[in-house]
Amino acid sequence: MRIPRWIVSVAVLAMAVWIAQAEPVTANGIKAIVHDSVITYGEVEVATAQAAEFLQRQYRNSPSTLLAKLSEVRTNTLEQQVQRQLILRDFAQAGYNLPESFVDEAVAERIRERFGNDPVKFTRTLQADGITREKFRQQLREQIIVEILRSKNVFQEAVLSPHKIEKYYRENRDKYQVEDQVKLRMIVINKATTAEAAQAQKLAEEIVFKLKEGATFTEMGEEIAAVNPRAQFRDWGWVNKSVLKDELAAVAFKLKAGERSDIIDLPEACYLLLVDEVRPAHTTPLNELRDEIERNLLLEERARLQQRYIEKLRAKTFIRYF
């Protein structure tokens, strides 16, 4: 008897998931020690459960890819938890103090945000997640500590001078080259059959006639699109040649600002184009890019500072992986 392919696929997937999950086998199995803090297998599994479920759906037909992705997620999650413990230890060693009243206010605010001040709903949600109120409070307290120290050691340190932004722009001008562009509006009348082709041509000619009589391009485009299911009107904004079909680009980029094309009759549709503005090839000026460049450089600088901060903590802390 031949076994159906779908049964084989399901069996292979199930085996892949079982293998991927068959790491240190108990929930209390140790995955890492950071000084005197233990990170267990169960903690990593809980933290990755949602991502693992998503991956199992996404890669259900590719067991080998699923294995690799699950391993990657677990590794990244464990590393995040190690870094969390490093930061919490740094907080304790530095002798910082987080007032309990501050934590109480944060807990109350979180309850208001998620549960609308409904303590019963809050308690039931914690029970469903297998978390006590004290555990929830502790997790939130640790989250606040991590955010405070990351802000102090990463975000507050990440400062960019205008000179650095300008230097990056000068060294990367090629990235900001823009080819010729036109600001384009288009009326399209689609045709799927020979009969529709004749009708499309006739309709396009009627539109051209009304345009010559004084109707605006947008008025005609919106009117035709509203009453004819085969017609479309679109304001493209600024476009490059590569965005358009070759036959349309050849016409659009010969038009001057304010000029309209004749009917462009192609096998799939009749087109009418209107070019509002023309912009020759140029380099985007720095004043239009400053905010974007600053955001990207800040992200890079924060990543560098985060890595430096964690490496400094690693250098003075006992860490062991299992």
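Biologist: Which residue in β5 does Ile187 stand opposite?

Modeller: Ile187 stands opposite Phe233 in β5. First, some ground rules. This is a predicted model, where local features need pLDDT of at least 70 and side-chain atom pairs count only at pLDDT 80 or more, while totals for chains, interfaces and linings use all residues. Residues are numbered from 1 along each chain as its sequence is written, and side-chain values use heavy atoms, with hydrogens and water left out.

Now the strand β4, residues 181-190. Helices (H or I, at least four residues) and strands (E, at least two) are DSSP runs, numbered from the N terminus. Eight of the ten residues of β4 are buried, so the strand is mostly covered. Buried means under 20% relative accessible area, exposed over 50%, and partly exposed in between (1.4 Å probe, protein chains only).

β4 has β5 (residues 231-240) as an antiparallel partner, joined by nine bridges. Two strands pair if DSSP finds at least two bridges between them. β4 also pairs with β7 (residues 269-279), again in the antiparallel sense, over ten bridges. There, Leu184 has Val275 as its bridge partner. Strands of a sheet pair through backbone hydrogen bonds, either parallel or antiparallel.

Two arginines deserve a look next. The charged end of Arg234 sits over the ring of Trp236, 3.8 Å from its centre. Arg279 has its charged end over the ring of Trp238, at 3.9 Å from the centre. The rule for a charge over a ring is NZ of Lys or CZ of Arg within 6 Å of the ring centre and within 35 degrees of the ring normal.

Rings also meet rings. Rings of Phe, Tyr and Trp (its six-membered ring) pair if their centres lie within 6.5 Å; planes under 30 degrees apart count as stacked, over 60 as edge-to-face and the rest as tilted. By this rule the model has five aromatic pairs. Phe91 and Tyr96 form a tilted one, 5.6 Å centre to centre with 45° between the planes. Phe91 is buried at 7% relative accessible area, whereas Tyr96 is partly exposed at 39%. Tyr169 and Tyr176 have ring centres 6.0 Å apart and planes at 20°, so that pair is stacked. Both are buried: Tyr169 at 8%, Tyr176 at 9%. Ring pairs also link Phe115, Phe122 and Phe136 into a cluster.

Next, the helices α4 (residues 100-115) and α6 (residues 133-155). Their axes come within 10 Å and cross at roughly 110°. Axes are lines fitted to C-alpha atoms, for helices over the stretch in contact, and angles run from 0 to 180 degrees between N-to-C directions. The two helices are therefore roughly perpendicular, a label for angles of 65 to 115 degrees.

Last, a second sheet. It is open, with three strands in the order β2-β1-β9 and antiparallel pairing. β2 (37-40) and β9 (319-321) each have a single partner strand, so one side of each is left without a neighbour in the sheet. The twist averages 15° from one strand to the next. Four bridges join β1 (residues 30-34) to β2. Helix α3 lies across β1, β2 and β9, at about 25° to β1. Gln83 is found in α3 (residues 63-93) and counts as buried at 17% relative accessibility. Gln83 touches Arg150, Gln306 and Ile310, not counting residues up to four places away in sequence. Contact here means heavy atoms within 4.5 Å.

Conventions
Angles under 35 degrees count as roughly parallel, over 145 as roughly antiparallel, 65 to 115 as roughly perpendicular and the rest as oblique.
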